[in-house]
Amino acid sequence: MNFYACIIGSEILNGRRVDKHFEFVKNELQKYGHELFASFIIKDDGELIKKIYKLVKEDDKSVMFSFGGIGATPDDLTRAIAAEVFTSKPLQRHKKFEQDIIDRFGDEAYPHRVHMADLPQNAQLLQNPINNMSGFSLQDRFFFTPGFPQMSHPMIASVIERLFSTSVQKYRATLLAKTSENTLINIMKTVPPEIELSSLPILNSEGASVEISLCASDKELVDKNFKLFKDFLEDSQISYNII
């Protein structure tokens, strides 16, 4: 699975608010051995939101957590765009959510708040523990929540625990070598795509160093490829430490 976070809010990009969603999603996924594939912070711009949603939809392995834009004000664009991209059908009034809105706001549900219940067809509600103004999901893959962390984070935590809690065991091997990463590029090129390769150059007063890290679910494959780096460093008399 490829996990995406889509954080919608011009107020984050212009500095009026500080994003709290990225760290939350990253940490929540890590509890179960998952990690984010991509994260976007974008303006309340209809065309941009549509492009991001289409990109996510085109990935057959995608799971998306979208934050913001599901209210009833003119800048809340998420519901209509989600319907267009993920269902190709118009919004439809969700009767249960409509009643929840009426129960909470009474006459003040009209003429605006009630439109929060206009959702993509076949949407499932995500319980909001703060005020019962729900988020929604599509296909158990695409999840849409309010921008408020105190509302959205319990929703997403519940979703991840319910649907994506099967732990994925990964193995990581890391070393720090006293050389430039250029020295190790030929070996890097031999690492198969099943392994996540990370090369982090370090510059300080002692000269160049590089941190090489390999990660995959196949421990034997990680160990085999990690040994190539160690053997090369030892043959070249380049000092390194396992970290």
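This is a short talk through one protein structure, from a helix to its pockets and then to a few single residues.

Hi everyone. Before we start, please keep in mind that this is a predicted model.

Let's begin with helix α2, which runs over residues 21-30. Which residues of α2 are buried? They are H21, F24, V25, E28 and L29. Around the axis these residues cover an arc of only 120°, so they sit on the same side of α2. If you are new to helices, here is a handy rule. An α-helix has 3.6 residues a turn, so residues three or four places apart point the same way.

The largest pocket has a volume of about 850 Å³. It is lined by 37 residues, and the closest to its centre are G69, D76, P146, G147 and F148. Which elements give two or more residues to this lining? Those are β1, α1 (10-13), α5 (95-105) and α6. By type, the lining of the largest pocket holds 17 nonpolar, 10 polar and 10 charged residues.

The second largest pocket contains about 390 Å³ of space. Of its 17 lining residues, M1, N2, E35, K170 and E196 lie nearest the centre. Here the elements giving two or more residues are β1, β2 and β11 (207-216). The lining splits into nine nonpolar, four polar and four charged residues.

Next, let's zoom in on two single residues. First up is S66, which you will find in strand β3. Is S66 buried or exposed? Its relative accessibility is 1%, so S66 counts as buried. The side chain of S66 has a partner: a polar contact of 2.7 Å joins it to the side chain of Y53. Leaving aside residues up to four places away in sequence, S66 touches C6, I8, Y53, T78, F143, F144 and T145.

The other one is L175, in strand β9, residues 171-177. With a relative accessibility of 0%, L175 counts as buried too, because buried means under 20%. How far apart are the C-alpha atoms of L175 and I212? They are separated by 5.4 Å, although the two residues are 37 residues apart along the chain. I212 is also among the residues that L175 touches, and others include V210, F226, L233 and Y240, again not counting residues up to four places away in sequence.

Finally, some backbone details to look for on your screen. Y110 and P111 are joined by a cis peptide bond, with omega at about 5°. P111 belongs to the loop between α5 and β5 (118-119).

S88 has a phi of about 55° and is placed in the loop between α4 (78-86) and β4 (92-93). D140 also has a positive phi of about 55°, and D140 lies in the loop between β7 (135-138) and β8 (142-145). How do they stand in accessibility? S88 counts as exposed because its relative accessibility is 59%, whereas D140, at 38%, counts as partly exposed.

Key: Residues are numbered from 1 along each chain as its sequence is written. This is a predicted model: local features need pLDDT of at least 70, side-chain atom pairs count only at pLDDT 80 or more; totals for chains, interfaces and linings use all residues. Side-chain values use heavy atoms; hydrogens and water are left out. Buried means under 20% relative accessible area, exposed over 50%, partly exposed in between (1.4 Å probe, protein chains only). Helices (H or I, at least four residues) and strands (E, at least two) are DSSP runs, numbered from the N terminus. The arc is that of the directions from the helix axis to the C-beta atoms. On a 1 Å grid over the protein atoms alone, a cavity is a set of points where a 1.4 Å probe fits but cannot get out, and a pocket is an open set with protein on both sides within 12 Å along at least five of seven lines; lining residues have an atom within 4 Å of a point. Grid points are joined across faces, edges and corners, and a volume is the space filled by probe spheres set on the points. Ala, Val, Leu, Ile, Met, Phe, Trp, Tyr, Cys and Pro count as nonpolar, Asp, Glu, Lys and Arg as charged, and the others, Gly among them, as polar. A polar contact is a pair of N or O atoms within 3.5 Å; within protein, one must be able to donate a hydrogen and the other to accept it, and residues adjacent in sequence count only if both atoms are side-chain atoms. Contact means heavy atoms within 4.5 Å.
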